[in-house]
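Try each task on your own before reading the solution.

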Amino acid sequence: MTTAFRSAERPAPPPRPRPGSNGLARELRQRGRRRLLREDFLTTLAWASAAASVALYLADGGAAQFNNFTTATTSVGIITGLIGTDLVLVMLLLAARIPLIDGTIGHDRAMEIHGKLGKPALYLILAHMVFLLIGYGLTDRLNPIAEGVSMWNSLPDMWIAFISMVLFILVVVTSLVAVRKRYPYKFWYVVHLLTYAAVLTALPHQFSEGQLFSPGQWQRWYWIVFYLVVLAALLRYRVWAPVALTFRHQLSVTRVVSAGDGAVSIELTGLRLEELAGAGGRFFIWRFLAPRLWWHHHPFSLSADPAAGRLRITVRNLGKGSAALTSVKPGTKVAVSGPYGLFGHAARTRPGLVLVGSGIGITPLRAILERAEFEPGEATVILRASTPETLYLRDEIAELCRQRGATMYELVGQRARHGNPWLPRHQTGLALSNYVPNLRASDVYVCGPKKWADAVLEDAKSAGLSDEQLHHERFDW
């Protein structure tokens with residue numbers, strides 16, 4: 001079944017430019033350029049931190065250690081350890097939810113980079129151990145295993161360093177997709193917290209063993225400052241910011257209403273909620289402070305822009321955690337942090353707007369549509385579902401489209417096996433460009449299951465859209 005304010009079979013002509021379109025286009029281009037400059041700055045800073053760690057070691061006498069094989073082997077071990085430690089600290093900064101990083105590359109991409117750095121960091125730290133065992137073993141005339149036993153017995157902080165190594169291996173292995181999918185999210189999350197323990201247990205041997213971080217050397221102060229910056233960022237944005245936001249807004253549940261097949265909308269009231277206006281599309285971390293619920297955190301986006309002192313999220317029963325929320329009682333206090341991510345107005349680069357959602361992924365698009373800047377005729381909303389009952393918030397979105405002059409399509413039916421897999425079977429011959437005549441002058445926001453969303457993004461890329469025009473919210477972890 002397909003319903004639309006325009007026919008999907010015969011593309012409508014592109015809308016004529018309106019006086020407001022040029023001004024919006026200029027503003028979006030300027031905003032995009034500023035974001036790219038910030039991204040370049042952050043990228044340069046990350047690379048510079050790794051280069052600085054090596055340069056300071058070489059400048060503080062490390063360069064002189066490459067005069068024979070034994071000391072050169074030890075120096076290679078030290079350098080791999082320095083770069084590996086630097087990558088781990090960068091990973092922690094990426095996971096700290098720092099507004100500068102989040103507002104520049106978004107939470108999803110930050111965590112994607114965070115994940116990609118895990119294995120290189122582990123390999124470098126393993127290389128650090130192997131090269132040091134070989135180098136020190138050559139000096140002491142011992143094989144690497146005997147040298148390891150000797151270091152364990154003679155150096156007081158070395159056993160802690162070995163524990164740190166085991167923790168790093170455990171964290172990285174459980175983060176591999178093939179392993180991660182075998183365990184519940186909560187198990188993976190608890191194991192991932194061991195990263196902090198791994199960093200802490202690595203600290204003693206760095207400052208107590210050898211002369212690398214001895215007093216009076218520049219690299220000692222470099223690493224002290226680096227560690228303090230990371231610690232401050234984690235405390236500020238992962239601990240203090242959620243607590244401060246929770247007390248500032250003092251949210252509580254007012255009612256829970258059905259939103260369709262297996263889904264509910266949870267409405268909340270609080271203080272100063274107008275400060276969260278424009279956060280539609282971006283997600284918050286919610287903790288419902290009730291028995292058996294308080295220790296679960298839920299990443300949900302708003303399904304309506306804050307209005308009249310109220311917030312709303314729409315949740316579908318997709319597992320034990322979300323299922324419990326369908327029966328949360330009015331009056332329940334809620335802890336919150338956010339908003340996070342770039343799935344919102346700040347990521348816009350073009351005057352045209354395309355919102356494509358599937359199932360419960362439709363609900364964040366409703367909040368984006370409510371406040372997005374566009375001229376009548378420049379926005380298209382595509383709702384995708386297997387059955388009409390899972391077109392969540394369909395009536396609200398249709399009314400917003402009528403009020404704001406947006407085009408809406410409802411694509412209902414089983415997914416196609418051939419052709420475009422994100423479309424229903426009876427429309428496999430069509431593409432995204434059939435629904436959106438001005439597609440190349442638009443930003444495309446996609447929210448839904450990963451494989452389905454990937455198919456939509458691939459369709460958009462095949463139509464000539466650049467990466468900066470594509471925005472998607474992941475449902476997997």
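Helices (H or I, at least four residues) and strands (E, at least two) are DSSP runs, numbered from the N terminus. This is a predicted model: local features need pLDDT of at least 70, side-chain atom pairs count only at pLDDT 80 or more, and totals for chains, interfaces and linings use all residues. Residues are numbered from 1 along each chain as its sequence is written, and side-chain values use heavy atoms, with hydrogens and water left out.

**Exercise 1.** Find the helix that holds Arg29, and work out whether Arg29 is buried, partly exposed or exposed.

*Solution.* Start with the helix: Arg29 sits in helix 1, which covers residues 19–59. Next, the cut-offs: buried means under 20% relative accessible area, exposed means over 50%, and partly exposed is in between (1.4 Å probe, protein chains only). Arg29 has 43% relative accessibility, so it counts as partly exposed.

**Exercise 2.** Look at Ile83 and list what it touches beyond its sequence neighbours.

*Solution.* Then check the contacts, meaning heavy atoms within 4.5 Å. Leaving out residues up to four places away in sequence, Ile83 touches Ser53, Val54 and Leu124. Now take Ser53: it is 30 residues from Ile83 along the chain, yet their C-alpha atoms are separated by 6.9 Å. Finally, Ile83 is partly exposed, because its relative accessible area is 24%.

**Exercise 3.** Find the salt-bridge partner of Glu39 and say which helices the pair links.

*Solution.* Begin with the rule: a salt bridge is a side-chain nitrogen of Lys or Arg within 4 Å of a carboxyl oxygen of Asp or Glu. The structure holds 18 of them. In one, the side chain of Glu39 meets that of Arg109, at 2.6 Å from N to O. This pair links distant parts of the chain, with Glu39 in helix 1 and Arg109 in helix 4 (residues 107–140), 70 residues apart. As for cover, Glu39 is buried because its relative accessibility is 17%, whereas Arg109 is partly exposed at 38%.

**Exercise 4.** Why are Arg402 and Glu399 separated by about one helical turn?

*Solution.* Start with the bridge: their side chains meet at 3.9 Å, N to O. Then look at the spacing: Arg402 and Glu399 are about one helical turn apart because they are three residues apart in helix 13 (residues 394–404). Last, check the surface: Arg402 has 49% relative accessibility, so it counts as partly exposed, and Glu399 is partly exposed too, at 38%.
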